[in-house]
Amino acid sequence: DPARRTRQAQVVADVISDFGDIRRFGAAATDFCHVAAGRVDGYWEVGLNPWDLAAGSLIAREAGAKVAALDGSSPSGLSVLAAPLEIWDELATLLNSVGATKV
């Protein structure tokens, strides 16, 4: 959905100064695996399909990451954030402050 991607790009623009870098590896499962391996600090997405969420979020959780919607509820296609427990709340607060769930 081009409108969703445009809004996501605006969210990235709003938070880029708070991050060292923004990366996207393609498949959602790959992004979750990068969080699990500690290669990236977090992964946020809106609009995932259930099959994208299922495998990747399991891998991230098993590696110790918190995987939840930006409001802390169960992740879904509406929103998901995967990050180490130590920084999950900070990332969620930042993303919520720029309306990342309204994509």
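Student: By class, how many nonpolar, polar and charged residues does the lining of the largest pocket have?

Tutor: This is a predicted model, in which local features need pLDDT of at least 70 and side-chain atom pairs count only at pLDDT 80 or more, while totals for chains, interfaces and linings use all residues. Residues are numbered from 1 along each chain as its sequence is written, and side-chain values use heavy atoms, with hydrogens and water left out. Rolling a probe the size of a water molecule over the atoms shows where empty space is left. A pocket is an open set of points on a 1 Å grid over the protein atoms alone, where a 1.4 Å probe fits, with protein on both sides within 12 Å along at least five of seven lines; lining residues have an atom within 4 Å of a point. Here the lining of the largest pocket has 11 nonpolar, three polar and eight charged residues. In this scheme Ala, Val, Leu, Ile, Met, Phe, Trp, Tyr, Cys and Pro count as nonpolar, Asp, Glu, Lys and Arg as charged, and the others, Gly among them, as polar.

Student: Which residues lie nearest the centre of the largest pocket?

Tutor: Of its 22 lining residues, Ile22, Arg23, Gly42, Tyr43 and Trp44 lie nearest the centre. The largest share of the lining, four residues, comes from α1. Helices (H or I, at least four residues) and strands (E, at least two) are DSSP runs, numbered from the N terminus.

Student: Which residues touch the most other members of the largest nonpolar core?

Tutor: In soluble globular proteins, nonpolar side chains tend to be buried together. A nonpolar core is a set of buried Ala, Val, Leu, Ile, Met, Phe, Trp, Tyr and Cys residues joined through side-chain atoms within 4.5 Å. Buried means under 20% relative accessible area, exposed over 50%, and partly exposed in between (1.4 Å probe, protein chains only). In the largest core, of 14 residues, these are Val11, Trp44, Leu70, Leu81, Trp88, Leu95 and Ala100. Two or more residues each are given by α1 (2-15), β3 (80-84) and α4 (85-97), and α4 gives the largest share, four residues. A second, separate core of 12 residues includes Ala28, Val40, Ala65 and Val80.

Student: Where does Leu70 lie?

Tutor: Leu70 is in the loop between β2 and β3, and its relative accessible area of 3% makes it buried. Contact means heavy atoms within 4.5 Å.

Tutor: Ala69 counts as buried, at 5% relative accessibility. Its place is also in the loop between β2 (65-68) and β3. Leaving aside neighbours within four places in sequence, Ala69 is in contact with Ser74, Pro75, Ser79, Val80 and Trp88.

Student: How many salt bridges does the structure hold?

Tutor: Side chains of opposite charge can pair when their charged atoms come close. A salt bridge is a side-chain nitrogen of Lys or Arg within 4 Å of a carboxyl oxygen of Asp or Glu. The structure holds one: Glu45 pairs with Arg5, the closest N and O atoms being 3.2 Å apart. The pair links distant parts of the chain, with Glu45 in strand β1 (residues 43-45) and Arg5 in helix α1, 40 residues apart. Glu45 is buried, with a relative accessible area of 4%, whereas Arg5 is partly exposed, at 44%.
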